[in-house]
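Q: Could you walk me through this structure, feature by feature, and show me how to read each one?

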Amino acid sequence: MYQTFRQSMTWLHTWFGLVLGFVLIVVFFFGALSVFDREIDRWAQPATRFAPQPMPSFDHLLRPVFERITEPDPDAVELARSMVDGPLPEKYPVMDWSAYTTHRDPVLDTYVSFDVPNARNPDDHVHGHQTIDPRTGAQLSASDLKIGSEFFYPLHYSLHLEWMELGYWIVGFAALSMLAALVSGVVIHRKIFRELFTFRPQKQRQRVTLDLHNLTGVVALPFHFFFAFTGLVIFAGIYFPVSETQLRPLVEAHEQAEAAATGLPHDPAGVAAPLASVDAMVSDARRRWASRGMGGDVGFLFVNHVGDANGYVSIYRAGTDRIALTGQGIHYQASTGALIREDPPETAIASVNEFLTGLHLQHFRHWLLRFLYLFGGLAGCVCIATGFLFFVEKRKQQHARDGVAGARIVDALAIATITGTLIAALSMLVANRLLPEHLADRDEWQRNVFWMTWLASGVHAFWRSGFTQEGGAAPAWREQTLLVAVLAVAAPILNWLTTGDHLLATLETRYWPVAGIDLFLLATGVTASLIAHRLRRPALAHAHLATMKP
Amino acid sequence: MMLLLAFFLSFVGLALLALAMERHWRQLRATRPLTSTAARSLRFAGSVALASSLALCLSVDHASMASLVWVMTLAVSAFVLAMLLAWRPGWLAPLISWSR
């Protein structure tokens, strides 16, 4: 198609980057926010602003919690509808109980998995879930949305398009194209080493955006590559569902063989049995970890085949000091508390897999690395955003002369995905503080504010980008940047007015989750107002947008 | 604390490598050409600084974590360095104060 390899790579980079860039910038932005998902949760849920808690006593506190979760969640019942041919079952038998926590969680997520007796696939099951205060066992209201871990984080990998797992597929395809864009970007970059540290803000706009695009792409290249790649690894089961299709018999045979080898029963016996003290098992597990020279916080606790003679309890150590999420599992017989097995050290393959998924999911305790990830994510946003701006700058004069709308459409979409995303996220935080506390469906309202403001910013972007078509700068950039500034300053003020936790107080008590989010919001507000000020001078408009923090 | 030092060393290392390049050397020493000996010593010193930065990272964390910290540290350092070279190249002058 093209004369040279470099030309074809330029075509690939430009067009795949353009189309999937709109998805990727959303993925990068909400991925960057997800690095601090637990902290955003604390900001959005003032009732949970207390110190992180260890896994509480199972016998006294967790067991009654699990026992009161007798039904799947309403959305899980909806899901069950697609698993059965006939009517829904009357009753869902309890299969397993589990609880997962990290060093950043004051609240604890508890899960019960239920069998769906008449499901087409006998392995199908559904979940019931409660978030509790681990100090008292009290349930937190389900309509109290965890904006960070329940909204921004799933948006990062599924776009909240649950139908047919469409969102996962779009994000997966975007990640694959990201890998292609990185490779083709390196190919078309003429002077990757000679211009490694090159940024020339005094040159003309097109050059500046390209410099910044190259800089943010190249310095964080390992980050971009590894995160796109490990993201695909994490969801490999969705993209290559071989274990559910062709290899199904093999997988079942493997599960049986593994159960035989480890002594951990694969199926329930069908005979009822009591549950021994799990707290005793936990303290035994801690002793065993300590004897291996490892600190012993419980990260994941799992009771398999609840109430059955084949039941067993698995206790996993929190992966705070490693990249892996959890590890060093120890398993006990549920009815007697007798040790069944200690997991041997990981095989090479398993540890590579744990490293790849763990480095992406980052439940470790390392604040510096967390901030470095935030930088990587934001660098990715700047890289994609400057890619759009470069595309527009390069073509808009030509398109203006030809009377083509191409540059204008791309510019409007860029506005909607850059400032629009910020406006939607900030509006959601503002709505979180403004909506009455006991409003029914408070979580739905917050979600709707997010989607509606995003839509409105898109409409505004198309309406106010006519100048791009005439070769000028779209006023929508400045107007939306101003709105970002207003919202980003309003959020911490509203946090102060509604909770009393103003910045001076949170800084004095060193309550970093809320102080950090407030500081970050204020920094965004200041940056956005500086940019809006610069945008008043049309000649500089695009050049300086490029330096904007997304 | 060790990690801050590792961060600083990774920045210094990259800065020395950048100054071993004709273009950036001239930003600081417009009149004096970059000799090949100077370039070689800058590159050597830069590599040593980067290696020590990695060693410091490894001394603090488990190797799996340390490698990530080091790579990401390099990314931030390179970005900061590019910004300094664009706006305040003079701040890097102490690194080549021996060549007056």
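**Reading the model, one feature at a time**

A: Let's start inside: among what covers the buried residues of H2(A) are helix H1 (5-34), H5, helix H14 (406-434), helix H17 (475-499) and helix H19 (512-534) of chain A. This is a predicted model, where local features need pLDDT of at least 70, side-chain atom pairs count only at pLDDT 80 or more, and totals for chains, interfaces and linings use all residues. Residues are numbered from 1 along each chain as its sequence is written, while chains are lettered from A and ligands numbered from 1 in the order in which they are written.

Q: What do the element labels stand for, and which residues of H2(A) are buried?
A: Helices (H or I, at least four residues) and strands (E, at least two) are DSSP runs, numbered from the N terminus. A residue is buried if 20 or more other C-beta atoms lie within 10 Å of its own, exposed if 12 or fewer, and partly exposed in between, with C-beta atoms placed from the backbone. In H2(A) the buried residues are A:Asp37, A:Arg38, A:Glu39, A:Ile40, A:Asp41, A:Arg42, A:Trp43 and A:Ala44. That is 8 of the 8 residues, so H2(A) is largely enclosed by the rest of the structure.

Q: How many bridges join S1(A) to S2(A)?
A: There are 6, and the two strands run antiparallel; A:Tyr100 stands opposite A:Asp109 in S2(A). S2(A) also pairs with S3(A), over 8 bridges in the antiparallel sense, and there A:Phe114 has A:Val126 as its bridge partner.

Q: Which residues of S2(A) are on the covered face and which on the uncovered one?
A: In a regular strand the side chains alternate between the two faces of the sheet. For S2(A), the covered face has A:Leu108, A:Thr110, A:Val112 and A:Phe114, and the uncovered one has A:Asp109, A:Tyr111, A:Ser113 and A:Asp115.

Q: Where is the kink in H13(A) centred?
A: The bend at a residue is the angle between axes fitted to the seven residues ending there and the seven starting there. H13(A) has a kink of about 45°, centred on A:Lys396. Just after H13(A), A:Gly403 takes a positive phi of about 70°.

Q: What is the phi of A:Met164 near?
A: Most residues other than glycine have a negative phi, and most peptide bonds are trans. A:Met164 has a positive phi, near 55°, and so does A:Glu165, also near 55°. A:Met164 is found in the loop between helix H5 (147-158) and helix H6 (166-188) of chain A. A:Met164 is exposed, with 8 other C-beta atoms within 10 Å, while A:Glu165 has 15 such neighbours and counts as partly exposed.

Q: How many residues of chain B are in contact with chain A?
A: 20 residues of chain B are in contact with 24 residues of chain A. Helix H1 (2-19) and helix H4 (63-87) of chain B each supply at least two residues of the side that touches chain A, and H4(B) gives the most, with 16 residues.

Terms used. Pairing = 2+ DSSP bridges. Contact = placed C-beta atoms within 7 Å.
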